[in-house]
Amino acid sequence: MNVQFKKGVLELIVLLSVTKRDMYGYELVNEVSKVIDVNEGTIYPLLKRLTNEHYFETYLKESTEGPPRKYYHLTAAGVLYKERLEQEWSDFSKRVNQFIEDGGKLSKQVLDDKGE
Amino acid sequence: MTKMEFLDYLEKRLRVLNEKERKDILGEYAQHIELKMESGLSEDAAIHDFGNLEELTAEILEAYNVNPDYCKKTVHIDGRKFGEEVTSCASKAGKGIGALWGRGRDAVGRVFSLQFFKRFKPVFMGCVIVAILVLVYLPLAGIAFWFAERMYSNFGYPFDTLVSVIFLLLFHICFLLLSFSALYSYISRNKDKNTESGKAEVVRVFKSMFRLPRFTAIEHTKVEKRRGNILSGVKKLIKLAVLVSLKCMAVCILTPVLIFQFFGIVAFGGLVVLVVLGYPLIGLTIAAAGGLISGFSILWLIGSFIFPKRVGNEG
């Protein structure tokens, strides 16, 4: 699977995962891994970056099974950013798909022309 | 790779981050590995899932807007730590030199405090002082005369005799001033503190003649307790003589610079007037100003070396 595709879409998937409820790091990584197969270690830096840019808020919550866990919560700015990314993805994927369709017809035509 | 190895590696590579951030991100990774292991994976496999560690570290650093190539060399130069190490080494060196100096002085002082010399103390001290001054004078005079000779050959008539005579005169004046100050400090000490025991007094007098500048801290109490023998005392005396003659040479450099500074101020004033009048001499004026500033800083530097502030516990 193309690494660049995954990289491009990772942010969107992370933001979408936290929309329904706050999650802690490990939980989030598992959620994202369900959708795309990505290096788990790289999600933490991404979370850190998104927190630095104030799309996430973090808080610690005690857990029964070990040390306190850091939960990530989507801020209002994060929600807006997520919606923007969703819109951009939608437009982007539409155009790419359209181009593949048209491009498919075009390249077929070129091959036919050559063949003649 | 074990969890500890992994975390240690990350800790090293992330040293550029501040402690809180570093702890934070390391905690996240540690927790992730723990939870992975709870769900059945081995430690090794959990870390293996992180992929290439170099790339991972690069991504982490990028998230903090740090250039990933920053810590890649094995030789890690941390500016602040380097500065701290340099200053600590320098202060240790300074203390070492100060201790040596102090020991030298103490050893010589102790030599002179032997019972035999006590009777003729004033006379003997006078002779000692004169002897030291002569010892110091000879090499300096040699250098001064040679210098005067060079000046003589460089300048044309009538400046040749004039300059060299002035230089020699200045040198002798400085030297006499130094000698008198040493004698004076000895005499004043002698008058003030008659009740002190002979040995301590001699040592103190000797010390008061040759003070070390303030920036090398001398720890007297520690040094006085050591016992030196006569041979090392003589060696230290030679070292002492060299250092003192360096000081006197510095005075000889100081005085001409001082005189040039006076001329320089006059010249600078004249140039400013000319510039105001409209002559195109701005460059020369700026050069003169620069010369004055550097002259004054040289004076300050050498002056602070020769005339150190009195330290409370000395003398």
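**View 1. The largest pocket of the predicted model and the residues around its centre.**
The largest pocket has a volume of about 990 Å³. Its lining comprises 32 residues. Nearest the centre of this pocket lie A:Val3, A:Lys6, A:Lys7, A:Gly8 and A:Leu10.

**View 2. Helices that line the largest pocket.**
Sorted by class, the residues lining the largest pocket are 17 nonpolar, 6 polar and 9 charged.

**View 3. The contact between chain B and chain A.**
Chain B brings 19 residues to the contact, and chain A brings 20 residues. The size of an interface is often given as the accessible area lost when the parts come together. For chain B and chain A, the area buried between them is about 1,700 Å², with 52% of it on carbon and sulfur atoms. On the side of chain B, the residues that lose the most area to chain A are B:Glu28, B:Gln31 and B:His32, which together account for 32% of what that side buries.

**View 4. Salt bridges and polar contacts across the interface of chain B and chain A.**
The rule finds 4 salt bridges across this interface. A salt bridge also joins the side chains of A:Lys48 and B:Asp24, with an N to O distance of 3.2 Å. Polar contact across the interface of chain B and chain A is found for 10 residue pairs, with both residues of a pair at pLDDT 80 or more.

**View 5. The side of chain B that touches chain A.**
Helix H2 (19–38) and H4 of chain B each supply at least two residues of this side. H2(B) gives the most to the side of chain B that touches chain A, with 10 residues. By class, the residues on this side of chain B are 8 nonpolar, 4 polar and 7 charged.

Note on methods: Residues are numbered from 1 along each chain as its sequence is written. Chains are lettered from A and ligands numbered from 1 in the order in which they are written. This is a predicted model: local features need pLDDT of at least 70, side-chain atom pairs count only at pLDDT 80 or more; totals for chains, interfaces and linings use all residues. Side-chain values use heavy atoms; hydrogens and water are left out. On a 1 Å grid over the protein atoms alone, a cavity is a set of points where a 1.4 Å probe fits but cannot get out, and a pocket is an open set with protein on both sides within 12 Å along at least five of seven lines; lining residues have an atom within 4 Å of a point. Grid points are joined across faces, edges and corners, and a volume is the space filled by probe spheres set on the points. Helices (H or I, at least four residues) and strands (E, at least two) are DSSP runs, numbered from the N terminus. Ala, Val, Leu, Ile, Met, Phe, Trp, Tyr, Cys and Pro count as nonpolar, Asp, Glu, Lys and Arg as charged, and the others, Gly among them, as polar. Contact means heavy atoms within 4.5 Å. Buried area is the accessible area (1.4 Å probe) that two parts lose on being put together, summed over both. A polar contact is a pair of N or O atoms within 3.5 Å; within protein, one must be able to donate a hydrogen and the other to accept it, and residues adjacent in sequence count only if both atoms are side-chain atoms.
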